[in-house]
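Have the sequence and the model side by side for this report.

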Amino acid sequence: MNNSAANTGRVLWAGLRALLVLTLVCGVLYPLAVTGIAQLAFPGRANGSEIKDASGQVVGSELIGQTYDLPLKDGEETPTPDLRWFQPRPSNGLGTNSVNTQYSIILSGATNRSGDNADLIQWVKDAKAAVIRDNSTADYKVRPSDVPAEAVTSSGSGLDPHISPEYAELQVHRVAERNKLTVDQVDRLVAEHTDDRILGFIGEPRVNVLKLNIALKDLVAKG
């Protein structure tokens, strides 16, 4: 019995030492090493790919989309888009908070509806009609065939920060009119904030909506 108890004690002590060593290596040293290397090599990405405005205030992340809506009115359940700004893809996963009224994640996920689901079909039809209505101006009429897919559908995560150059261009006339800018001014803004395919062949050209709207805000401030 004494030998058995001694063996049991040695086994328990060996297990405890293994636990302490693995905790130190995997739970402390490894995370510290990875964090340190990331901060040295990729500080921006390591800190969440933050985006700052002209005043230096963090206003979001270039990896997460934001909504640009008017404050809810009494009796409203769904906010109305603030049409002064370029609009992102549809999403139910973005909300507001007291720090930055355009940046707060509530949930992430797709609609999980099949392509022939009646509700999804109606959502897309309603979204397409709204895009046509909201972006048509006195001298520019949006045709149904002009509306790209991402203007009426959410991404798989619901947090996509990008839109296509085509959707950005579709919004140019409305943004120019609402902000008393010329179409050429806003066109140049879109061109300057259009990112090409990665390495020239990966993915598609894209526009980060937050970065574009920050530039738009600066342009409007300059008059």
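Which residue caps the N-terminal end of α3? Asn117 does: one of its side-chain oxygens lies 2.9 Å from the backbone nitrogen of Asp119. A polar contact here is a pair of N or O atoms within 3.5 Å; within protein, one must be able to donate a hydrogen and the other to accept it, and residues adjacent in sequence count only if both atoms are side-chain atoms.

This is a predicted model, where local features need pLDDT of at least 70, side-chain atom pairs count only at pLDDT 80 or more, and totals for chains, interfaces and linings use all residues. Residues are numbered from 1 along each chain as its sequence is written, and side-chain values use heavy atoms, with hydrogens and water left out.

**Overview**

The chain has 6 helices and 5 strands. Helices (H or I, at least four residues) and strands (E, at least two) are DSSP runs, numbered from the N terminus. Along the sequence they follow the pattern α-α-β-β-α-β-α-α-β-β-α. Of the 223 residues, 29% count as buried. Buried means under 20% relative accessible area, exposed over 50%, and partly exposed in between (1.4 Å probe, protein chains only). Among contacts (heavy atoms within 4.5 Å) between residues at least 6 apart in sequence, 56% join residues at least 24 apart.

Confidence comes as pLDDT, the predictor's score for each residue from 0 to 100. The chain averages 87, and 90% of the residues score at least 70. Over residues 95–101 the pLDDT is below 50; beyond near neighbours in sequence, this stretch has 14 contacts in the model.

**Helix α3**

Helix α3 covers residues 118–135. Its 18 residues reach 26 Å from first C-alpha to last, close to the 26 Å expected at 1.5 Å a residue. The expected span is 1.5 Å times one less than the number of residues. Leu120, Ala130, Val131, Asp134 and Asn135 are buried in α3. Seen down the helix axis, the buried residues of α3 fall within an arc of 100 degrees, so they line one face. The arc is that of the directions from the helix axis to the C-beta atoms. An α-helix has 3.6 residues a turn, so residues three or four places apart point the same way. The buried residues of α3 pack against α4 (165–178). The face turned away from the buried side carries the exposed residues Ala118, Lys125 and Arg133.

Helix α6 (residues 209–222) has 14 residues and reaches 20 Å, close to the 20 Å expected. Its buried residues include Val209, Leu210, Asn213 and Leu216. Their cover includes β1, β2, β3 (162–163), α4, α5 and β5 (206–208). Gly223 follows α6, with a positive phi near 80 degrees.

Asn208 is found in strand β5. At 3% relative accessibility, Asn208 counts as buried. At the start of α6, a side-chain oxygen of Asn208 reaches to within 3.2 Å of the backbone nitrogen of Leu210. A polar atom of the Asn208 side chain also lies 3.1 Å from the backbone oxygen of Glu62. Not counting residues up to four places away in sequence, Asn208 touches Ile51, Glu62, Pro161, His162 and His193.

Asn213, within α6, is buried at 3% relative accessibility. With the sequence neighbours up to four places away left out, Asn213 touches Tyr68, Trp85 and Phe86.

**The core**

A nonpolar core is a set of buried Ala, Val, Leu, Ile, Met, Phe, Trp, Tyr and Cys residues joined through side-chain atoms within 4.5 Å. The largest one has 28 residues, of which Phe86, Val147, Val186 and Leu216 touch the most other members. Helices α4, α5 (183–192) and α6 each supply at least two residues of this core. Val186 touches Phe86, Val172, Val175, Ala176 and Leu181, not counting residues up to four places away in sequence.

**Exposed loop residues**

| Residue | Relative accessibility | Loop |
|---|---|---|
| Ser55 | 62% | between β1 (50–52) and β2 (58–61) |
| Lys180 | 77% | between α4 and α5 |
| Leu199 | 70% | between β4 (194–195) and β5 |

The side chains of Ser55 and Asp53 are joined by a polar contact of 2.6 Å. Lys180, a residue other than glycine, has a positive phi near 55 degrees. Leu199 has a positive phi near 60 degrees.
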